[in-house]
Amino acid sequence: MSYLPREELSFQEPVAAPAPGRDPARAPVRILAVRCATPAPDRPTSTDEKLDRESAEWLRSLAGAGAPKEAAVARLHELLLKVARAEVNRRRSRLRLAGPELDDLAHQAAADSLMAITGKLDDFRGESRFTTWAYKFVILEVSTKIGRHFWRHPTVAMGAEDWERLPDRFGLDPAGKAEWQDLIAALRRAVDDVLSDHQRRIFVAIVIAGVPVESLALELASNRNAIYKTMFDARRKIRAELAAKGYLDTRTATVRHG
Amino acid sequence: MTGWDALDRFLDVDPEDVGCEKAMALLHIYVELVRADPETATERYAGVEAHLRACGPCGEDFEGLLSAVSAEQRQNVV
């Protein structure tokens with residue numbers, strides 16, 4: 001197993017390649033047969049050498065042809081469907097989906113991730129077991145499809161600005177109403193004063209209206225990373241403003257106010 | 001926890017946070033390392049860990065993949 005050294009990791013660095021399994025524009029398809037990518041004849045031996053036996057067998061079968069390949073594709077689909085079903089079931093308490101819809105979502109996620117995986121076999125570098133790498137695709141597909149489902153039955157409007165809901169968002173004690181009013185007023189001033197229009201729109205949608213990040217990314221034809229980066233910058237700016245106004249400590253999480 | 005504590009915790013950002021794209025690109029490697037050696041995972045992937053703590057959707061995906069891999073390995077043992 002190989003690792004990126006810590007110094008290579010930085011949130012600020014641009015990353016060109018999108019995360020696998022993320023293609024909101026692609027319509028869900030429910031099929032079993034897929035056309036696999038033509039295997040590269042000169043797959044680097046360094047990858048082959050560090051593969052465990054099972055992962056090497058997966059790669060060999062999926063990149064091959066004929067009956068062994070068809071059997072491997074069918075087996076992989078079966079595993080992906082199993083993982084997708086477990087994942088939608090794990091998340092079901094937070095979803096407004098019934099049994100048949102959940103199973104349909106699992107089928108779509110399995111089919112779409114299977115297509116993505118078989119089209120990206122050359123991207124697998126043996127840094128994990130093949131199945132762990134493959135399961136990532138189906139987990140991300142489930143996330144994307146759940147985000148898409150939100151807009152079919154939205155529980156909130158994206159621009160809704162009910163700031164009185166903020167205490168619920170932070171799980172605050174209903175008894176501390178006087179404190180909330182102070183907090184809401186200070187936060188709202190900071191949001192209005194220091195955020196750009198784009199940052200304000202994203203902040204309000206996520207924090208005040210409660211739109212899920214994945215759903216917001218789809219609605220804005222953006223992606224999770226861009227939304228997170230906007231929120232990251234917004235949080236930093238708001239905190240600096242509240243610290244400058246004496247509401248929050250400048251160095252630690254210790255609260256000065258109240 | 002007071003409301004100000006909760007707000008401060010929400011607004012606090014970790015400069016080591018690698019963001020969604022890198023965290024997701026490394027997720028399969030990170031998950032296997034978490035299962036094998038959590039301390040090394042924390043040491044080598046502090047930025048990924050910081051991100052998964054702060055980002056709800058990525059944290060959810062991490063839990064899902066960890067759960068899938070754990071279930072598979074439990075079945076292999078039985």
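This passage describes chain B of a predicted model, its contact with chain A, and the domains assigned to chain A.

Chain B contains five helices and zero strands. Read from the N terminus, the order of its elements is α-α-α-α-α. The radius of gyration of chain B is 15 Å, whereas the globule rule gives 12 Å for 78 residues; the value is well over that figure, so chain B is more spread out than a compact globule. The C-alpha trace of chain B spans about 50 × 25 × 20 Å along its principal axes.

The contact between the two chains involves 41 residues of chain B and 50 residues of chain A. On the chain B side, two or more residues each come from helix H1 (3–11), helix H2 (20–36), helix H4 (46–54) and helix H5 (56–77). This side of chain B, where it touches chain A, is made up of 21 nonpolar, 12 charged and eight polar residues.

Two helix pairs across this contact are described here. Two packed helices are described by the angle between their axes and the distance between the axes. In one pair, helix H5 of chain A (residues 130–150) packs with H2(B) at an angle of about 130°, and the axes are 9 Å apart. The crossing of H5(A) with H2(B) is right-handed. From H5(A), the residues taking part are Thr132(A), Trp133(A), Lys136(A) and Leu140(A), and they meet Met24(B), Leu27(B), His28(B), Val31(B) and Glu32(B) of H2(B). The contact of H5(A) with H2(B) has five nonpolar, two polar and two charged residues.

In another pair, helix H7 of chain A (residues 177–194) and H1(B) have axes that come within 10 Å and cross at roughly 30°. Because angles under 35 degrees count as roughly parallel, H7(A) is roughly parallel to H1(B). Here Glu179(A), Trp180(A), Leu183(A) and Leu187(A) of H7(A) meet Gly3(B), Trp4(B) and Leu7(B) of H1(B). By class, the contact of H7(A) with H1(B) has five nonpolar residues, one polar and one charged.

Within chain A, the domain assignment gives domain 1 (6–150) and domain 2 (163–244). Eight residues of domain 1 are in contact with six residues of domain 2 in chain A. The side of domain 1 that touches domain 2 has three nonpolar, three polar and two charged residues.

Methods
Residues are numbered from 1 along each chain as its sequence is written. Chains are lettered from A and ligands numbered from 1 in the order in which they are written. This is a predicted model: local features need pLDDT of at least 70, side-chain atom pairs count only at pLDDT 80 or more; totals for chains, interfaces and linings use all residues. Two residues are in contact if their C-beta atoms, placed from the backbone, lie within 7 Å. Helices (H or I, at least four residues) and strands (E, at least two) are DSSP runs, numbered from the N terminus. Ala, Val, Leu, Ile, Met, Phe, Trp, Tyr, Cys and Pro count as nonpolar, Asp, Glu, Lys and Arg as charged, and the others, Gly among them, as polar. Axes are lines fitted to C-alpha atoms, for helices over the stretch in contact, and angles run from 0 to 180 degrees between N-to-C directions. A crossing is left-handed if the near helix is turned anticlockwise from the far one by less than a right angle, and right-handed if clockwise. Angles under 35 degrees count as roughly parallel, over 145 as roughly antiparallel, 65 to 115 as roughly perpendicular and the rest as oblique. Domain bounds come from an automatic or database domain assignment. The radius of gyration is taken over C-alpha atoms; the globule rule is 2.2 Å times the number of residues to the power 0.38.
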